[in-house]
Each structure stands twice: as structure tokens, then as C-alpha cells.
Amino acid sequence: MIRDITLGQYYPGSSWIHKLDPRVKILATLLYIVALFVIHKFSGFIVAFVALEAVIIISKVPRKFIWRGLKPVLLIIAFTLLINMFMIKGEVLWQMGFLHITREGLRTAAFMGIRLVLLIIGSSMLTLTTRPIGLTDGIEALLSPFKKLGLPAHELAMMMTIALRFIPTLLEETDKIIKAQQARGADFESGNILRRAKALVPILVPLFISAFRIAQDLAMAMEARCYGGSVKRTRMNEMKMGSRDLVAALLFMVFLALIILQRVFMG
Amino acid sequence: MEFIKADKLTFEYKKTNDAGQEISTEAIKGVSFSIEKGSFVAIIGQNGSGKSTLAKNMNALLIPTTGKMYVDGIDTSDLTRLWDVRQRVAMVFQNPDNQIVSAIVEDDVAFGPENIGVDPAEIRQRVDAALSGVEMSDYRKKAPHLLSGGQKQKIAIAGAVAMEPECIVFDEPTAMLDPAGRQEVLNVIRKLNARGITAILITHFMEEAAQADQILVMDNGEIKMEGSPKEIFRRADELKAFCLDVPAPVALASALREKGIELPEDILTTEVLVEELIK
Amino acid sequence: MIEVKNLTHIYSEDLPHQQKALEDVSFTAGDGEFVGIIGHTGSGKSTLLQHLNGLLKPKTGTIIVDGLDITDKKTSMIEVRKKVGLVFQYPEYQLFEETVAKDVAFGPKNLGLSQEEIDERVRQSITAVGLDYDAIKNMSPFELSGGQKRRVAIAGVIAMNPDVLILDEPTAGLNPKAHQDILNLVTGIHGQGNRTVILVSHNMNDIARICDRVLVMDKGRLAMNGTPKEVFAREEELKSMGLALPDAAEITSRLRKAGMNINEICLTIEEAAEEIAKVRK
């Protein structure tokens with residue numbers, strides 16, 4: 001069911017990972033993603049895999065939960081794999097008509113697959129272990145140096161908070177609208193692409209209207225709660241770096257060092 | 001002491017039509033009333049009678065087109081005092097989903113105090129107190145979309161309470177809830193009122209209005225009736241003309257009177273009716 | 001005629017949070033019958049409704065509408081939708097067309113009817129929900145008032161001319177007069193022809209007053225099935241399920257407990273007044 005999607009959701013907990021400063025986690029995640037693209041040997045993925053595994057174990061987030069977050073993007077992963085498998089030229093292993101699989105294609109496909117899975121699980125560990133407010137506060141803090149250049153750091157962060165809050169609400173709404181139109185005999189599953197695209201209109205129009213209504217209501221509610229007041233905003237949970245964050249940063253440095261060493265000496 | 005005072009207040013919604021002309025519709029037509037500090041006032045009226053518009057004029061979400069609205073003596077059209085008005089009068093809306101900003105309950109409750117620059121340690125205290133006040137402390141780390149409608153509405157109320165307002169306007173907070181949720185929300189409203197918060201409740205449910213100290217009946221942008229529940233619900237025929245009703249015990253008492261059974265005029269609740277009948 | 005036999009449904013099967021949403025539910029509703037369904041939020045009511053018009057498939061059990069097994073995988077969904085119409089809660093949120101007439105035509109069109117038949121049904125059903133067809137047909141549904149929108153949405157389902165019409169809380173969020181108007185509309189539609197109407201509501205007064213029979217759902221099971229008088233006589237059980245009595249039944253029950261000699265279960269204020277007057281004279 002559409003409501004089972006967990007991508008971008010927070011899994012409440014009080015693990016060591018949960019307690020880390022969001023800024024540390026955001027930076028680490030960004031660097032981790034860069035590292036995944038630096039890796040060009042399977043041995044490098046083993047390092048990344050072990051590191052990710054360690055994070056998952058320490059965070060105590062159930063694997064089923066992580067797995068469910070991966071499910072919606074499986075299709076994209078499968079698509080990437082197929083494209084790579086069939087499109088890359090090289091030593092032909094198998095051929096049928098114009099379709100062929102090459103050794104290079106297979107290798108690249110496996111590479112991309114592992115990279116994507118590690119990337120998605122890795123970045124979902126950030127959202128799973130960081131409360132949304134922490135995430136947006138972290139982003140706001142990291143972006144604030146750019147405020148002087150006119151970047152609306154706070155507004156961006158607020159937009160993210162609201163997006164995270166309303167993803168489940170809009171999914172539920174979509175579910176309801178789909179069912180209501182199905183009850184009126186709408187068919188979303190047969191016909192060619194054009195017909196299917198047209199069949200989406202009865203879902204999209206009510207969904208947009210719904211989204212606008214939510215936006216209007218929410219803007220009103222936020223205004224009523226003094227959002228945008230002239231005084232300086234404060235935060236209930238202020239971000240503070242502690243010894244825990246230092247340890248995490250050091251461990252992460254070790255991970256990066258391993259990746260770089262692997263690239264330099266095994267490349 | 002009067003806390004909210006409307007003086008010949010009118011409000012017009014302005015809209016531009018396809019031809020580019022401005023059309024205005026008068027949603028409120030010159031109403032004057034006052035609400036005492038600490039009281040519990042219900043506003044009833046059919047859909048489109050202007051109740052919601054009136055409510056939004058009480059905390060400067062809307063500013064009167066002509067006439068005045070005063071909150072604690074502050075003229076709401078004085079934009080320099082906007083935040084003073086909104087800190088004094090908080091608001092809870094109809095749709096429980098569309099007023100919760102954050103994906104974690106306690107972060108949402110903290111939103112208001114954060115906006116007005118309250119010290120972090122004090123925000124923590126206010127959030128804890130507000131959540132325990134609505135009996136939702138156990139849910140403070142939960143995601144709002146996993147809660148029931150009634151629970152969400154209690155979170156919205158906690159968010160209002162954490163601003164430490166003197167008055168809360170409830171704009172049909174029970175309209176989208178099931179009977180259990182409605183009961184819970186109403187209990188919370190009464191509890192807050194007992195603690196001295198002025199409560200203004202807009203509702204379609206007559207039995208909810210019957211629990212207020214004072215009722216305002218709105219129709220077509222005007223206040224048509226004003227009085228205690230006993231005074232208002234005695235006038236069933238007039239209410240009917242405004243598409244409203246009376247609570248069941250009131251209806252039964254009047255049916256019995258028609259059958260020749262003598263009952264006092266001011267029966268409002270089941271308890272009193274039963275008591276009178278078994279005398 | 002709708003026959004439900006041993007219906008069981010499980011959400012999120014094989015996941016740790018799996019839960020039985022329906023457990024061995026069986027009942028029948030005859031032609032022309034007006035059936036009410038009550039139950040606490042989460043009792044399985046809406047899961048049941050979604051089975052009744054094929055939106056959900058049961059784990060086990062069957063639903064047969066006029067001889068058609070709608071739980072059979074081979075049954076075409078269009079046939080199911082011709083037989084069973086479902087009006088969801090806040091149905092006005094599913095309107096999407098440019099004009100009222102086009103929106104109401106959406107359902108009949110999906111059934112593959114001829115243009116003439118569609119036009120005729122659109123006109124009839126808009127009139128049936130108490131709106132002026134000529135005045136409203138070319139208006140955008142989004143220009144209408146809340147109450148009118150809801151009527152248009154109901155017309156959209158009626159236009160499919162189902163044998164069984166199901167309505168989930170059609171009066172939610174309305175003021176007393178509008179609430180009564182929608183109820184009158186529903187009883188009016190029931191009065192014409194020989195349709196089975198199923199009404200889900202939290203409002204016990206409405207259920208008691210207009211239904212021939214009441215189904216009570218509790219924790220996924222069908223806990224009671226009887227006439228309003230039979231069901232509302234079981235006060236203790238209902239209250240243990242978090243359900244209330246109709247106002248008239250509640251007041252007379254309290255009088256009975258206080259020693260007044262009222263035997264009858266009263267469903268409406270008029271009945272209660274009658275009974276109390278008998279005792280007091």
C-alpha cells in the first residue's frame with residue numbers, strides 16, 4: 001500500500017547515532033556519497049558496506065524498516081542495471097538479436113547497483129536517525145554562511161520541515177482519491193500510455209486542490225502561531241557539538257582515509 | 001472585565017472576477033459584542049453565516065474592513081501590535097492535519113514559543129506542561145500522522161496553550177472528529193477554561209454549545225441572538241429559522257410540555273431532565 | 001440483495017504489525033432494505049465498505065451481489081461498480097471536471113454507456129439530489145457551496161445507478177439543517193425503486209430513526225445484527241464498545257434506572273415523549 005512508503009521518514013530512537021549533532025551527520029552523509037563515487041573497485045565497496053553496517057547496528061533501526069524505504073526505488077535501480085547491462089560495449093558474453101551482454105556491461109551494472117543501494121540506504125540512515133527539525137536546523141546552520149549572498153537559508157529549511165511533515169498526509173490523501181475514483185469506475189491499469197496518462201487527471205486535479213487547501217490552512221495556522229514575527233526565533237533543542245560528535249567525526253575520518261588509501265594503492 | 005470587544009465590525013472579502021472587476025462580499029455586517037475575560041462563549045450558525053470570518057478577526061488574521069475589534073484593549077488594526085494580539089489570542093482550526101507544522105509532536109508544540117523568541121529552557125517547560133495538560137505526554141516523540149483525529153486536535157490545542165495565551169478561539173475543532181474524539185477535545189476545552197483561559201468555541205453541535213456560559217447565534221453576517229444557553233435554546237422556533245436545532249433534552253422537554261407535563265422552562269441537560277421527571 | 005459470507009481481511013500480512021481488520025463477517029442485506037453500520041473508529045467499518053465494492057479483496061470469504069460473486073478474481077470490476085455504488089466521506093474532494101454535468105458523467109462514462117443514456121442519467125441524478133439541472137450543469141463544481149458540492153458528488157455515484165448504494169458518513173461537518181437535508185435526500189433515494197442502501201454513521205439518532213436494520217462492528221467482527229430496537233436494547237454491550245445510545249434511548253434508559261416504568265426502547269424524541277407521557281398520566 002502507498003502508505004507503507006518510509007522514504008525520508010524518521011525512526012524515533014535514542015541510539016548513539018540518533019544523538020549525534022545533525023550537522024555532523026549531514027556533512028558525513030554528503031562526504032559518504034562523494035566517497036561512493038570515488039570508489040572504483042569492489043574492495044572499496046566492502047569498506048563502505050562495513051561502515052554502513054556498523055551505523056545500522058548502532059542505530060538500532062530495524063532492517064525491515066530500512067528495506068521498506070528501499071522498495072519504492074527498486075524499479076529505478078532495476079532500470080539502471082538493465083540499461084548498463086545492455087548498452088555498454090565490450091567483450092560479448094551473450095547475444096540474441098540486437099541484444100547483447102558484455103563483461104564490461106555486467107561489471108558496470110553490478111557496480112552501479114551496489115553504489116545505488118549503498119547510497120540510498122546511507123542517505124536514508126540520515127533521515128531515519130535525525131528528527132526532521134534537527135535535519136532542517138542542521139541544513140539551515142550549514143547554509144547560513146551563504147545567507148550573506150542572499151540565500152534564504154531559513155526559508156529553505158522551513159520548506160523542508162513542512163515537506164517532511166506532509167509527505168505522509170499527501171500519500172494518504174492520494175490513496176483516498178484513487179479509491180474514490182476507482183469506486184466511480186475509473187481504470188488506471190489498462191490502455192496505452194496516452195490513455196493511462198489521461199486517466200491520471202481525476203487523481204491529479206483533486207490532489208492539487210487538496211495540496212492548495214492544505215497550504216492555505218497551514219499558512220493561516222502558522223501565522224496564528226506568530227510565525228514571521230519580528231523577534232528573533234529561538235529553538236527548543238539547540239544544537240551543541242559534544243565529545244560524541246568529535247568521536248564520530250574521527251571515526252568518519254578513518255573511513256574516508258581507508259577509501260582514499262584504497263583508491264591510491266589499489267587503483 | 002471585557003477581553004474581546006467588537007464595535008460595528010464589518011468585513012468584506014474582495015475578489016477579482018474574470019472581467020478584472022473587484023467584487024466584494026460582505027461576510028460580517030456591522031456586529032458589536034463583547035466577551036468577558038475567563039468566560040466560555042459558543043458561536044453557532046449555519047455554514048457560511050460568518051462565524052469563521054468573525055473568529056479570524058479576533059486574532060488579527062483578518063482586519064475589519066470598517067469598525068473595530070479590540071483584544072485586551074488593543075486595536076487589532078494597529079499593525080505595530082499584531083504580535084501582541086496573536087500572543088493573547090491563540091487559535092485552533094477545524095482540520096486536525098492542516099495545522100500541525102512539524103513531523104514530531106513535541107517539536108510542533110514548540111513552534112509557537114520558538115516564533116516569539118522564548119528562551120529554550122522555558123520552551124521545554126512550556127511544551128511539557130502543555131502536553132501533559134492535554135494528556136498527550138506519552139505521544140511527545142510520535143509522528144502526528146500516526147495519531148487519531150482527536151489526538152491530533154489535542155496536539156494543536158497544546159501548541160496553542162504553549163503560547164500562554166489568555167484566550168483560545170476554537171474554529172469548529174470537533175467537526176471532523178468521531179464522537180470519542182469530540183468528547184476528548186471538549187473535555188480539554190472545559191479544563192482550559194476552568195484554568196482561566198477565555199474559550200471561544202465555534203461549533204455545529206448544539207450539545208457542545210449548551211455547555212458554554214454564553215451563546216452568540218450568527219446568521220447572514222449578523223449576530224441574531226445572544227444569551228445564556230438556557231435563554232437561547234428556549235427559542236427553538238427562531239433557531240430553526242437559522243437552520244439550527246436544540247439539544248435533545250431540550251427538544252424532549254418541550255415535546256413533554258406539549259403533552260401537558262409541567263416542566264421548568266430552563267432544562268438543558270439530560271441530568272436535569274431526568275431529575276425533574278422522577279420528582 | 002447482497003450476501004457477505006465469512007469475510008476475513010488482514011492488513012500488512014507477514015509484516016510484524018499485521019492486524020486482522022475483518023474477522024469472519026457474515027450478513028445479508030435484502031432488496032429495498034435500509035441498513036445502518038455503526039462502530040468505533042478502527043472497528044473495521046471502512047475496511048468492510050471497501051470490500052463491498054471490490055476496492056479491497058478479502059483473504060477469505062465471498063461477497064455475492066445479485067448472484068454476482070464480486071470477490072471472484074475473474075469478475076470484471078466494471079460489473080461490480082454497476083451493482084455497488086460507494087460514496088466516500090467528504091466526497092466533494094474528488095470532484096475534478098470543468099463542469100458539474102461532466103463530473104457527474106464520469107462514472108456512467110466509465111461504465112461504457114451510450115452518450116444518450118449518460119446524458120439522461122446525469123440529468124436525472126442531479127435532479128434527484130435536489131439541484132436545478134439547467135442552472136447548475138455548466139457551472140464549475142468548484143464555484144459551488146460546500147453543501148452543493150457534496151450533492152454533486154453524491155449525484156456522481158447515483159448516476160451509475162447501482163443496486164446497492166453505500167454512503168460513508170455523508171453528513172460529516174454539516175450544520176443541523178444541511179445534515180437533515182442530506183439525510184432526507186438519502187431516504188428519498190431509498191424510497192424510489194428497490195435499492196439496498198447502506199449508511200455508515202457515528203450519529204446514533206440518524207441510524208435509529210431511518211434504518212431497518214443495524215450492523216455493529218467491533219474489533220473487526222460483526223458484533224450485532226438486528227433491528228434498531230434490538231440493537232439499542234443492548235446498552236451495556238454497546239457502551240463497552242465505546243458506542244453511545246440515541247439521545248431518546250439514553251434519556252429513557254436513565255429514567256428507567258431511576259425507577260420510571262418505561263419498558264419500550266425509544267428511538268426518537270417523539271417516541272420518548274409518548275412513552276413518558278403514558279407513565280406520567
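Chain B places 35 residues in contact with 31 residues of chain A, contact being defined as C-beta atoms, placed from the backbone, that lie within 7 Å. On the side of chain B that touches chain A, at least two residues each come from α2 (82-88), β6 (89-92), α3 (105-115) and α4 (120-133) of chain B. The most is given by α3(B), with six residues. By class, the residues of this side of chain B are 17 nonpolar, 11 polar and seven charged. Here Ala, Val, Leu, Ile, Met, Phe, Trp, Tyr, Cys and Pro count as nonpolar, Asp, Glu, Lys and Arg as charged, and the others, Gly among them, as polar. Helices (H or I, at least four residues) and strands (E, at least two) are DSSP runs, numbered from the N terminus.

This is a predicted model, in which local features need pLDDT of at least 70 and side-chain atom pairs count only at pLDDT 80 or more, while totals for chains, interfaces and linings use all residues. Residues are numbered from 1 along each chain as its sequence is written, and chains are lettered from A and ligands numbered from 1 in the order in which they are written. For chain A, the mean pLDDT (the predictor's confidence in each residue, from 0 to 100) is 86, and 96% of the residues reach 70 or more.

| Element of chain A | Residues | Mean pLDDT |
|---|---|---|
| Strand β1, lowest | 92-96 | 78 |
| Helix α10, highest | 201-224 | 94 |

In chain C, an open antiparallel sheet consists of four strands in the order β2-β1-β4-β5, where pairing requires at least two DSSP bridges between two strands. Its edge strands, β2 (19-29) and β5 (68-69) of chain C, each pair on one side only. Strands β1 (residues 2-11) and β4 (residues 60-65) of chain C are joined by five bridges; Val4(C) has Ile63(C) in β4(C) as its bridge partner.

Ile28(B) lies in strand β2 (residues 22-36) of chain B. Ile28(B) counts as buried because it has 26 C-beta neighbours inside 10 Å; the cut-offs are 20 or more other C-beta atoms within 10 Å for buried, 12 or fewer for exposed, and in between for partly exposed.

Terms used. Contact = placed C-beta atoms within 7 Å.
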